[in-house]
Structure formats: C-alpha cells, structure tokens
Amino acid sequence: MALWPLLLITLGIWILIRKWPLLRLGTSLPGPWAFPLLGNAQMVGKLRPEFIFLVFTELRDRFGATYRLWLGPQLWVFLHSAEETRQALHDPTLRKAETFFQLQPLIGNGLLLSHGAHWTRQRRLLTPAFQPQLLRSFAPAIAGHVDRLVKRLEETKGAPLEVTDPIFACLLDAIVDTSMGAQLDTQLVDHSPIINAFHLSSKLLFKRMINPLLASDWIFQRTQLWRDLNEQLQVIHTLMESVIEKRAKQLEMLEEKGETPGKAHNLLDTLLLARFEGQPLSRKEIRDEVNTFVFAGVDTTTAAMSFVLYALAKYPETQSRLREELQGLSVDGSSDLDTLNELPYLEAVIKEVLRMYTIVPTTGRQTTQSTKIGGRTYCAGVTLWINMYGLAHDKLYYPDPYAFKPERWLEDGGSAPPAFSYIPFSGGPHVCIGRRYSLLLMKLLTARLVLAFDLDLSSEQAPLKLQAQMVLKAQQGIHVSFLKR
Ligand code: HEM
C-alpha cells in the first residue's frame with residue numbers, strides 16, 4: 001500500500017527531470033496564464049477559426065514578439081520577426097510540426113511531411129518537373145480548362161456567383177491534366193464526388209488539427225470523424241490509384257514497343273520512371289506524392305485566385321489599370337509566357353493579394369535537438385509557429401498594412417521590405433516547390449478573366465471575414481459578378 005505514493009513521487013520526479021529543459025524554457029517566455037497539466041489547451045481547443053487571427057494578434061500585443069502557449073505538456077512558441085523566421089526556416093535540425101503529421105492519412109510521407117534523406121531525394125527528383133521550360137509547355141492545356149471556366153461564367157449573365165467552387169474545379173482539372181496527364185473533367189459535372197471528397201477530407205483533417213483532445217491516434221480512430229474521413233479518403237485514393245495505374249500501363253506499353261520515353265514530361269512520369277539503386281518507387285510512395293501535389297496545390301491556388309478576383313472587383317481603379325496593361329495580349333494558350341511574366345502591374349497585383357490575404361497564414365516546425373534561433377536556445381520538443389500573416393501585416397515592414405496597394409511592389413513604390421517578412425510560399429530549403437506553377441496558373445487566369453469580363457462586387461458580398469482553415473478563406477465565400485465585355 002505504502003508503495004504507491006512512493007511510485008507516484010518517483011514518476012513525478014522522473015517526468016520533471018525529463019521535461020526540465022522544456023519547463024525552464026516555457027517559464028522564461030511570456031504568455032497567458034496556464035492551468036496545471038492542461039496549460040492553455042482549453043483556450044486553444046475553443047478557438048474558432050474566425051478568431052484565430054484576432055487572438056494571436058492580441059497575444060502578440062500583450063506579450064511581445066515571441067510568446068508561448070502550453071498545450072498540456074507541449075510547448076508552442078510563436079515567432080514574429082523576419083530574422084527569427086529566416087533562421088528557423090534555414091535550420092536543418094527542425095522538422096515539420098507534429099500537428100502536420102495528422103495529414104498523413106491523405107498525403108502519407110509525401111514531400112510536404114517527409115524530412116532527412118528521403119525528403120532530399122524526393123525534392124531532387126521532383127524539382128525538374130517544375131522547371132520553367134516544362135511549365136511553358138502547360139499553357140495550351142491550362143488555357144483549355146480556363147475556356148470552360150469562361151463559358152461557365154458567361155452563363156451567369158452577370159448574376160453574382162460564389163467563385164471558390166468553380167475556380168477549384170478549373171484548377172483541379174488543370175493541375176491533374178498538366179501534372180499527371182489525366183482528364184478529370186470535374187468542370188463538366190454539377191456535384192463532382194471527387195471535389196466533394198477533397199473538400200470534406202480537408203475540413204475533417206483540419207477539425208482534428210485544431211482540437212488538442214483528438215491529437216492521440218488511439219482516441220481519434222474511435223470517433224465518427226475518423227469514419228467520415230476514411231469514407232472520403234477512399235474516394236480520393238481509388239481515383240488517384242487508377243490514374244497512376246493507367247499511366248504506368250501506357251509507359252509499359254511504350255517500353256514494350258521500344259519507345260521508352262527518354263525524358264519525363266510531367267510529375268507523374270517523373271515518379272513512375274524514377275529508379276533508385278535500380279528500384280522503382282512503390283505505388284504507395286507515388287500516391288503520397290501525387291496526393292501531396294493536389295492537396296498542396298489546388299486549395300492554395302484556388303484561395304489565392306478567389307482573393308485576386310475579390311480585390312479586382314473591390315478596387316475598380318486597380319482593375320482598369322491592369323486591363324490597360326493587358327491590352328493586346330493574346331491569352332488563348334499561345335500567349336508568350338515570358339511576356340506575361342514581364343508585366344509589372346500584373347505581378348504587383350498578385351504580390352499584393354498574396355501579402356494582404358496570406359493564403360498559408362502560419363507554418364510550424366518542431367525542434368529535434370537543442371538549437372539557437374534569434375539568440376535564444378530552444379531544447380528538443382518545442383513547436384515553433386511562424387506567423388506569415390502577422391509578418392505580412394506588420395506595420396514595421398509594411399506602412400498602412402491593411403490597405404490594398406499593389407503600387408508598393410512597383411519600382412517607385414518605396415523601399416523594399418526586408419527579406420523573410422514577405423514569404424507567402426515560405427522560404428529556405430522547404431520553399432514551395434509549386435510556386436512558379438501556381439503563379440503561372442494565376443497569371444493566365446487573371447489575364448483571361450480581366451479581358452473577358454468586368455468584375456463587380458455583388459451586393460450579397462458582405463465585408464470579408466477572414467478565416468484560418470487549412471488555407472485562408474472568406475467565412476461567407478466570395479461573391480463576384482462577371483459582366484461580359
Ligand atoms: C498560391 C498558391 C500556393 C501557396 C500560397 C503555397 C504555399 C506554400 C507554403 C507556405 C509552403 C511551405 C510549407 C511549410 O514550409 O511548412 C508550401 C510547400 C509546398 N507546396 Fe505550395 N503553395 C502554393 C501552390 C502550390 C502548388 C501549385 C503546388 C504543386 C502543384 C504546391 C506544392 C507544394 C509542396 C509539394 C510543398 C512542400 C515542399 C517541401 O517541403 O519541400 N504548392 N507551399
């Protein structure tokens with residue numbers, strides 16, 4: 001009997017010794033009062049997506065640039081300066097934050113989550129699939145999908161339309177076509193099951209990520225959320241596996257005919273043709289990468305494009321000035337992408353949208369060993385949150401940060417902001433591999449839509465309430481009218 005208290009005290013002392021560096025670091029950092037054992041988990045668990053920015057900004061104002069939260073035994077530290085961000089993003093000892101690994105049922109060990117030697121190998125393998133020459137060859141295919149979107153928008157005859165869903169369908173079709181050579185044709189159906197599966201699985205995964213009570217796999221796998229998620233994942237995995245299998249068979253047939261494609265043409269071919277020590281990638285490895293690209297590419301570019309349309313409709317002077325710059329440009333797929341890349345106002349508008357509406361508002365890293373960032377030593381086991389939204393709205397770096405001013409990115413727009421204050425695509429070795437690809441998609445779409453339509457804000461469009469979900473979203477959607485020119 002008398003042994004139990006002794007065991008408990010010994011266990012307590014053992015935990016204290018093991019967690020001592022973390023506890024010491026946590027207590028040295030400012031932050032809101034934390035309950036014993038629970039920490040601030042209760043506060044974070046109750047946080048609604050539409051209040052995340054408000055709460056983080058308020059905490060920053062109260063506790064300064066670097067503050068902490070405790071999620072039970074986990075220590076979260078929020079970094080806010082451009083210099084700390086630069087150091088964190090270049091630190092090779094950091095891994096992706098633990099929370100992101102909850103995405104594994106969808107994207108497995110794909111590029112977004114992998115690390116170490118596996119990540120280096122995959123990043124080297126996949127980088128050529130995003131080279132400018134290859135991207136250039138995508139333009140006609142993308143233009144075909146944009147044509148379908150234009151037709152769909154023409155049919156609205158100027159009536160207000162929530163733009164996110166049609167843009168998602170257009171971009172999903174375009175990205176799967178150009179990176180995997182498959183035609184999903186989701187734009188041609190009203191309620192595509194695959195779009196539904198992507199939306200729902202993303203929503204369910206995010207629901208889990210912001211609920212500390214569901215962090216344990218053991219608990220999560222006993223919830224209805226897990227069963228619902230699995231149902232949607234089944235739809236995605238079945239489709240992607242059939243796309244992979246079909247292309248693998250085509251490549252095999254080419255090989256049998258002695259027509260082996262010497263050069264990989266897109267992402268999927270690159271993955272199917274790769275050999276490491278004579279061995280091909282497993283189907284699961286290929287599926288993980290393919291799902292990673294769809295997951296990381298479609299929702300982000302859709303959100304960015306929706307905010308571009310919103311900003312152009314909201315600021316008619318910006319829309320007119322952009323249209324003037326675009327006059328005479330052919331945007332039917334034969335357009336010269338180098339010309340599109342040399343249009344300074346188009347570039348400035350997209351840059352300002354990505355600043356103002358930071359599509360990926362935060363990213364997280366996990367310390368794996370003792371490391372120094374911003375002059376402070378962090379022990380292993382700390383989650384560092386990089387606040388890209390906060391950096392892009394810091395008046396220290398951007399005068400009048402909540403005003404939409406594409407001019408700030410033009411040559412005569414004032415002094416350039418410091419490096420690592422503007423990182424919509426992150427930075428360092430893990431910088432977004434698809435950034436050029438998404439800029440190409442956005443430029444082609446913006447140019448085509450601005451030349452085809454006058455964009456107007458619908459009267460249904462209330463002032464935007466931003467919401468941090470998997471990517472930044474407008475709580476009530478984005479409603480724009482497209483009036484044929
Ligand atoms: C406006 C559109 C986009 C935005 C704002 C965006 C943003 C980002 C950010 C912030 C990261 C870094 C995440 C981190 O470090 O934790 C990232 C990584 C990544 N992105 Fe994007 N992205 C966009 C479009 C795309 C597209 C079109 C693709 C592919 C088709 C893509 C594929 C990836 C991949 C695979 C990674 C992981 C890279 C690595 O860790 O090596 N993204 N993206």
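Q: Which residues come nearest to the ligand?
A: A residue counts as near a molecule if its C-beta atom, placed from the backbone, lies within 6 Å of it. Of the 24 residues around the ligand, those that come nearest are Gly-297, Thr-300, Ser-426, Cys-432 and Gly-434. Two helices, H14 (283-314) and H19 (435-452), are the elements that give two or more residues to this shell. Helices (H or I, at least four residues) and strands (E, at least two) are DSSP runs, numbered from the N terminus. This is a predicted model, in which local features need pLDDT of at least 70 and side-chain atom pairs count only at pLDDT 80 or more, while totals for chains, interfaces and linings use all residues. Residues are numbered from 1 along each chain as its sequence is written.

Q: Which element gives the most to the shell around the ligand, and how do the residues of the shell divide?
A: H14 gives the most, with seven residues. The shell holds 13 nonpolar, nine polar and two charged residues. Here Ala, Val, Leu, Ile, Met, Phe, Trp, Tyr, Cys and Pro count as nonpolar, Asp, Glu, Lys and Arg as charged, and the others, Gly among them, as polar.

Q: Why is strand E10 described as largely enclosed?
A: A residue is buried if 20 or more other C-beta atoms lie within 10 Å of its own, exposed if 12 or fewer, and partly exposed in between, with C-beta atoms placed from the backbone. In E10 (residues 382-387), five of the six residues are buried, so the strand is largely enclosed by the rest of the structure.

Q: Which strands pair with E10?
A: Two strands pair if DSSP finds at least two bridges between them. Strand E2 (residues 74-79) pairs with E10 in the parallel sense over five bridges, and Leu-75 has Val-382 as its bridge partner in E10. Strand E7 (residues 362-367) pairs with E10 in the antiparallel sense over five bridges; there, Thr-363 has Ile-386 as its bridge partner.

Q: Is Gln-234 buried or exposed?
A: Gln-234, in helix H12 (residues 224-256), is exposed, with 12 other C-beta atoms within 10 Å.
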